[in-house]
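Open the model in your viewer and keep the sequence panel beside it. This tour goes stop by stop, with something to select at each one.

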Amino acid sequence: MKVNTIRIVLLFLLLANFSIIFMFSNQNSEESGNISSKIARMVEQKTEKAIEEKEESVGRTEKVIRKIAHFSIYTSLGFLLMAFVSTYALTQRKRILVSLSIGVLYAISDEIHQIFVPGRASQITDVMLDSMGILFGILVVLMILKIKQKIKNKNNKLVEKHG
């Protein structure tokens, strides 16, 4: 596949990811809470607990679900950013710095955006969690690239040996 085609696909996926994050952040507290609550209730229905325990547990489960959602969506963002930046002739250090910088700046802007959404708040802990997700996504791309390079080196050695 041509590099320009890969870049266009990755750029489209990046824009979609940015849009999804923006749409989630643009939900007011009730809309946002309803989504996590539904998921938390589904999780809690699978366990056999007393009704009072379930209500307390739903609240805790909802918080965990929200944190997992933050980490996951920003992991995909970090992955896509690093994959996109890796299509350019930059040093590995610059690729990581550019990807991490764009991702963290977006996480910060996302939290600032939430200040202006009714019932939502900005939390530095979310920026830190988002940043960890971005870093994890970058590391996944680095691992994939390293595996790809090892396979390429192995194939080259086989060609040299038998060629």
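A pocket here is an open set of grid points where a 1.4 Å probe fits, with protein on both sides within 12 Å along at least five of seven lines. Keep in mind that this is a predicted model.

**Stop 1: the second largest pocket**

Start with the second largest pocket, which has a volume of about 250 Å³. Select its lining: Ile 6, Leu 10, Phe 79, Ala 83, Ser 86, Thr 87, Arg 95, Val 141, Ile 144, Leu 145 and Lys 148. Now colour by helix. H1 (3-25), H3 (51-85) and H5 (124-162) each give two or more residues to this lining. Which element gives the largest share of the lining? H5 does, with four residues. Next, colour the lining by residue class. Seven of its residues are nonpolar, two are polar and two are charged.

**Stop 2: the whole chain**

Zoom out and switch to cartoon. You will see five helices and zero strands. Read from the N terminus, the order is α-α-α-α-α. Of the chain's 163 residues, 34% count as buried. Now think about contacts between residues at least 6 apart in sequence. Of these, 72% join residues at least 24 apart.

**Stop 3: Ser 99**

Go to helix H4 (residues 92-115) and select Ser 99. Is Ser 99 buried or exposed? Ser 99 counts as buried because its relative accessibility is 0%, and the cut-off for buried is under 20%. Show its neighbours next. Leaving out residues up to four places away in sequence, Ser 99 touches Leu 81, Met 82, Val 85, Ile 134 and Ile 138.

**Stop 4: the aromatic pairs**

How many aromatic pairs does a search of the whole structure find? The search finds three. Two of them are on this tour.

Select Phe 18 and Tyr 106. Their ring centres are 4.5 Å apart and their planes meet at 55°, so this pair is tilted. Phe 18 sits in helix H1 and Tyr 106 in helix H4, so the pair ties together parts 88 residues apart in sequence. Both Phe 18 and Tyr 106 are buried.

Move on to Phe 71 and Phe 136. This aromatic pair is also tilted, at 5.8 Å centre to centre and 40° between the planes. Phe 71 belongs to helix H3 and Phe 136 to helix H5, so parts 65 residues apart in sequence are tied together by the pair. Check how open each ring residue is. Phe 71 has a relative accessible area of 27% and is therefore partly exposed. Phe 136 is partly exposed too, at 42% relative accessibility.

**Stop 5: Ser 109**

Return to helix H4 and pick Ser 109. How does Ser 109 count, at 35% relative accessibility? Ser 109 counts as partly exposed, because that class lies between the buried limit of 20% and the exposed limit of 50%. To finish, draw a distance from Ser 109 to Val 127. Their C-alpha atoms are 9.4 Å apart in space, while the two residues are 18 apart in sequence.

Methods:
Residues numbered from 1 in each chain as written. Predicted model: local features only at pLDDT ≥ 70, side-chain atom pairs only at ≥ 80, totals over all residues. Heavy atoms only, no water. 1 Å grid on protein atoms, 1.4 Å probe; cavity = no way out; pocket = protein on both sides within 12 Å on 5 of 7 lines; lining within 4 Å. Points joined across faces, edges and corners; volume = space filled by probe spheres on them. Nonpolar A, V, L, I, M, F, W, Y, C, P; charged D, E, K, R; others polar. Buried < 20%, exposed > 50% of the residue type's maximum accessible area, 1.4 Å probe, protein only. Contact = heavy atoms within 4.5 Å. Phe/Tyr/Trp six-rings, centres within 6.5 Å; stacked < 30°, edge-to-face > 60°.
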